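Subject: Handing over a structure, with notes

Hello,

Please take your time with it.

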Amino acid sequence: MELTVYLAGQIHDDWREDVKQIADEKDLPLNFVGPQTNHERSDNIGEDILGEQPAPYFKDNAASAVNNLRTQVLMQKSDVVIALFGEKYKQWNTAMDASAAVTLGKPLIIVRPEELIHPLKELSNKANITVETVEQALDVLAYIYE
């Protein structure tokens, strides 16, 4: 049985590659999907499809519509969501994706450092489990196959 895992979180570093590598090392049959990780592509997709927009607000609005569609489709097709909350970047998109997973009834694993226990307490309460590392998140998924 192969599971599809939506990797929600910031797109500014290669944490998703770390997750994939750990999953390979654990020999887990997982397929990974997630947001567009090419930041420039993500920011410009609205204009790439709909043409030049009259102001930055409209450019962002057009890009958001396409990116939200992508997220909705891929998350609905996923079996589980891992949402990584880091310390370096603002985590608005991660919070939005984690909330969408809860709304869709998708099993949700939140990864967050100890420093974010308080600000994420309500969201963590809605998740199936909250862990501190991606290794722990993958250990949770590995348990499914035991």
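What follows is an account of what was found, from the whole chain down to single residues.

This is a predicted model, in which local features need pLDDT of at least 70 and side-chain atom pairs count only at pLDDT 80 or more, whereas totals for chains, interfaces and linings use all residues. Residues are numbered from 1 along each chain as its sequence is written, and side-chain values use heavy atoms, with hydrogens and water left out.

The chain as a whole

The secondary structure comes to 6 helices and 5 strands, where helices (H or I, at least four residues) and strands (E, at least two) are DSSP runs, numbered from the N terminus. Along the sequence these elements follow the pattern β-α-β-α-α-β-α-β-α-β-α. The radius of gyration, which is taken over C-alpha atoms, is 16 Å, close to the 15 Å that the globule rule (2.2 Å times the number of residues to the power 0.38) gives for 146 residues, so the chain is as compact as a globular protein of that length. Along its principal axes, the C-alpha trace spans about 55 × 35 × 25 Å.

Of the 146 residues, 40% count as buried; here buried means under 20% relative accessible area, exposed means over 50%, and partly exposed lies in between (1.4 Å probe, protein chains only). Contact means heavy atoms within 4.5 Å, and of the contacts in the chain with a separation of 6 or more, 65% are between residues 24 or more positions apart.

The strands

Strand β1 (3-9) has 7 of its 7 residues buried, so it is largely enclosed by the rest of the structure. Both of its faces are covered, with L3, V5, L7 and G9 buried on one side and T4, Y6 and A8 buried on the other. Two strands are said to pair if DSSP finds at least two bridges between them, and β1 is joined to β2 by 4 bridges, the two strands running parallel; within this pairing, T4 has N31 of β2 as its bridge partner. β1 also pairs with β3 in the parallel sense, over 5 bridges, and there the bridge partner of Y6 is V81.

Strand β3 (80-84) is mostly covered as well, since 5 of its 5 residues are buried: V80, I82 and L84 lie on one side, and V81 and A83 on the other. It is joined to β4 by 4 bridges, again in a parallel arrangement, and I82 stands opposite I109 of β4. I109 is itself buried, with a relative accessible area of 3%, and, not counting residues up to four places away in sequence, it touches V80, V81, I82, A83, I129, V131, A137, V140 and L141.

Helix α3

How far apart are the end C-alpha atoms of helix α3 (residues 56-76)? They are 30 Å apart, which agrees with the 30 Å that its 21 residues should span at 1.5 Å a residue, the expected span being 1.5 Å times one less than the number of residues. In this helix A62, A63, N67, T71 and M75 are buried, and what covers the buried residues includes β1, α2 (39-50), β3 and α4 (92-104).

M75 shows this in detail, for its relative accessibility is 0%. Leaving aside neighbours within four places in sequence, M75 is in contact with Y6, V81, D97, A100, A101, L104 and K106. M75 and A8 are 67 residues apart in sequence, and their C-alpha atoms are 9.3 Å apart in space.

The nonpolar cores

A nonpolar core is a set of buried Ala, Val, Leu, Ile, Met, Phe, Trp, Tyr and Cys residues joined through side-chain atoms within 4.5 Å. The largest one has 20 residues, of which V5, L30, I82, L138 and L141 touch the most other members. The elements giving two or more residues to this core are β1, α1 (15-25), β2 (30-33), β3, β4 (108-111) and α6 (134-144). Apart from it lies another core, of 15 residues, among them V33, A98, A101 and L108.

An exposed residue

Finally, D27 is found in the loop between α1 and β2, and it counts as exposed because its relative accessibility is 66%. Its phi is near 55°, a positive value in a residue other than glycine.

With best wishes
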